[in-house]
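Subject: Structure handover

Hello,

Please find the structure below, followed by notes on what was found in it.

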Amino acid sequence: MAANEEAMKYVWEGAIPLQIHLHKSEVASHPAPPPALVLAPRIGYLPLLVPLIKPYFKDSLPPGEDSIWFDYKGVPLKWYIPTGVLFDLLCAEPERPWNLTIHFRGYPSNVLIPCEGEGSVKWNFVNSLKEAAYIINGNCKNVMNMSQSDQEDLWTSVMNGDLDAYTRLLPRLKMGNIEDEFSRKESLSSPQSRQGGGAEIDVAGQVKTARIPVRLYVRSVSQNFENLEDVPEIDTWDEISYMNRPVEFLKEKGKCFTLRDAIESLLPEYSGDRAQTSGEEEADGSQETRGEIKLVRIQGIELKLEIPFSWVVNNLMNPEFYLHISVLVKAPQR
Amino acid sequence: MDSAGEVVNDGKITLEGFTVAARAFADKWKRHNLSFPPWSWVPLINRTLLKKEEGYLSLEKIIILSSVDESAEEESLDVTADWSEREESIDHTVLVQNVEDEAHYYDYHIVYSASYMVPMLYFRGYSSDGRPLSLDVIKRDLPSSSVSLLLESKWTFITQEEHPYLNRPWFKLHPCGTEEWIKLLSESSSSDGCQMPVELYLVSWFSVVGQVVGLRTPLEMLI
């Protein structure tokens, strides 16, 4: 119990220092306002920061209605992706503070889905939670059966980064358990959830297979690189492959299902006995054809792929029960 | 859980099953639904290295002529019997029609959801200059029965979400409990208790879902 709680605490306390600049086309005051400095929770979302940011700029804005969006080096940021994930994915070499541009006009509705403030973010959160529940439990009943006020409180705890409140509410969510063989912990959810859980248990009580909610973001570079600073910047989201696909957690007796196994199940083109995480040469030169996983980041941590996947899931998932994985790969040569 | 031989009991379908069902659906559509262009299979480029092909079905540039005829007629019926007023309203109708009568183009994608293990319908509408249509405008193009269904029912609704592969906002049709009504369809259509063959999965699915957006599935496809 202690180990898991500690990890969750670190995850919830994780934050990215942001330096937010008002887009120059929207500066209607002289001199231009200095950038706003904000500490953004990793598990939070950019639109939730607007009440903190707007006061810095409101006197500089041209007249009109606000339609707020952010960009990083010209790339509009998808507001429904947790801030920490955006940072891990878009900054190969972590930039501190992270320089973002805020816009109050000219929402790029041809590329970004609309955001009407907290309501949209909450809707997205609850939807993701339902999807995760469906994957873990085989149905979303646990979320649907939660009372309106409990759902509200759960969302509020996430919005405020209040881990204590969240932990108190979790048992009411009755989310199925994801078995973690490496830390002895009581299930955070109620005992009944085990029966409805997505993990099948055979006669001997051994978990056979379970589905784990994973969102995988893959950035592919064509050239090899020495340092992360050499990784080119992205120009558009089209350079990133997004996979919203559950990992089938296979537990075979005597074998450990690792993070590598999980990623390779989603990206089989990077698998194989000889797949590796940093540029070692292949004896038969076949590295030229196969791609290579260069970097895996979860909650800002660069993880070794041999870590048991169950540990990763239970300790590093986001409050909506999704594990967000940012992967940097060197593309296979064809 | 056999993937290619039959539909899973509970109305869901696997990724492999979806690929098989998609091809079968596209073939049948081509043969029996000649008033429409064919569906094409769009493979996912970054997945083509794999032996198992993944992709989605696409039907694009379907033209729906937007007309204000019906609604204008209704309006004129509300007008009083005064002849001069009616005349005026008829003129108004003609004027409005000339201005607003234009083609609306629609794209439809049938995409597999790995989370829910069922297909999802994504669609978008745009005018001839490529500008996207709002949901209000799109609703006017939908069959009137759908609009009431969408407004009243809890089983299906349309949301604006990002297309899973194209990084653009599309509309998604959410039929709740897809697996439940597919199960019902499967049970009611089989006389000898056999499960629905996977080849018919999308045909059955679309025969229901397509109606919401005004695309009818010819009965011959369901055989």
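Residues 182-207 of chain A have a pLDDT that stays under 50 (pLDDT is the predictor's confidence in each residue, from 0 to 100), and the model has 48 contacts beyond four places in sequence for them, a contact being heavy atoms within 4.5 Å. Residues 273-283 of chain A also stay under 50 in pLDDT, with 26 contacts beyond four places in sequence. Chain A averages a pLDDT of 85, and 84% of its residues score at least 70.

Some conventions before the rest. This is a predicted model, in which local features need pLDDT of at least 70 and side-chain atom pairs count only at pLDDT 80 or more, while totals for chains, interfaces and linings use all residues. Residues are numbered from 1 along each chain as its sequence is written, chains are lettered from A and ligands numbered from 1 in the order in which they are written, and side-chain values use heavy atoms, with hydrogens and water left out.

Confidence in the complex and in chain B

The predictor gives the complex an ipTM of 0.85 and a pTM of 0.85. Chain B averages a pLDDT of 76, with 70% of the residues at 70 or above. In chain B, pLDDT stays under 50 over residues 68-100, and the model has 15 contacts beyond four places in sequence for that stretch.

Chain B, overall

Chain B has seven helices and six strands; helices (H or I, at least four residues) and strands (E, at least two) are DSSP runs, numbered from the N terminus. Along the sequence their order is α-β-β-α-α-β-β-α-α-β-β-α-α. Of the 223 residues in chain B, 46% are buried. Here buried means under 20% relative accessible area, exposed over 50%, and partly exposed in between, with a 1.4 Å probe and protein chains only. Among contacts in chain B with a separation of 6 or more, 58% are between residues 24 or more positions apart.

One backbone feature in chain B: B:Lys61 is not a glycine but has a positive phi of about 60°. B:Lys61 lies in strand β2 (residues 55-66) of chain B and is exposed, at a relative accessible area of 56%.

Annotated regions of chain A

UniProt, in an unreviewed entry, lists residues 11-104 of chain A as "domain: Autophagy protein ATG5 UblA". UniProt positions are given in the numbering used here, feature names are shortened, and annotations may be inferred rather than shown by experiment. In the model, residues 11-104 of chain A are 20% helix and 28% strand, and the end C-alpha atoms lie 30 Å apart. UniProt also lists residues 120-174 of chain A, again in an unreviewed entry, as "domain: Autophagy protein ATG5 alpha-helical bundle region". That span is 82% helix and 0% strand, with its end C-alpha atoms 25 Å apart.

Helices α6 and α7 of chain A

The axes of α6 (residues 148-159) and α7 (residues 163-173) of chain A come within 9 Å and cross at roughly 145°. Axes are lines fitted to C-alpha atoms, for helices over the stretch in contact, and angles run from 0 to 180 degrees between N-to-C directions. From α6(A), the residues that meet α7(A) are A:Asp150, A:Asp153, A:Leu154, A:Ser157 and A:Val158; on the α7(A) side they are A:Ala165, A:Tyr166, A:Leu169, A:Arg172 and A:Leu173. By class, this contact has six nonpolar, one polar and three charged residues (Ala, Val, Leu, Ile, Met, Phe, Trp, Tyr, Cys and Pro count as nonpolar, Asp, Glu, Lys and Arg as charged, and the others, Gly among them, as polar).

- A:Val221 lies in strand β7 (residues 214-221) and is buried, at a relative accessible area of 5%. Its C-alpha atom is separated by 7.6 Å from that of A:Leu328, 107 residues apart along the chain. Beyond four places in sequence, A:Val221 touches A:Val231, A:Pro232, A:Leu328, A:Val329, A:Lys330 and A:Ala331.
- A:Glu116 is in the loop between β5 (98-103) and α4 (118-137) and is exposed, at 66% relative accessible area.
- A:Gln299, not a glycine, has a positive phi of about 50°. A:Gln299 is in the loop between β10 (292-298) and β11 (301-302) and is buried, at 14% relative accessible area.
- A cis peptide bond joins A:His30 and A:Pro31, with omega about 0°; A:Pro31 is in the loop between β1 (15-22) and β2 (36-41).
- Another cis peptide bond joins A:Arg96 and A:Pro97, also with omega about 0°.

Regards
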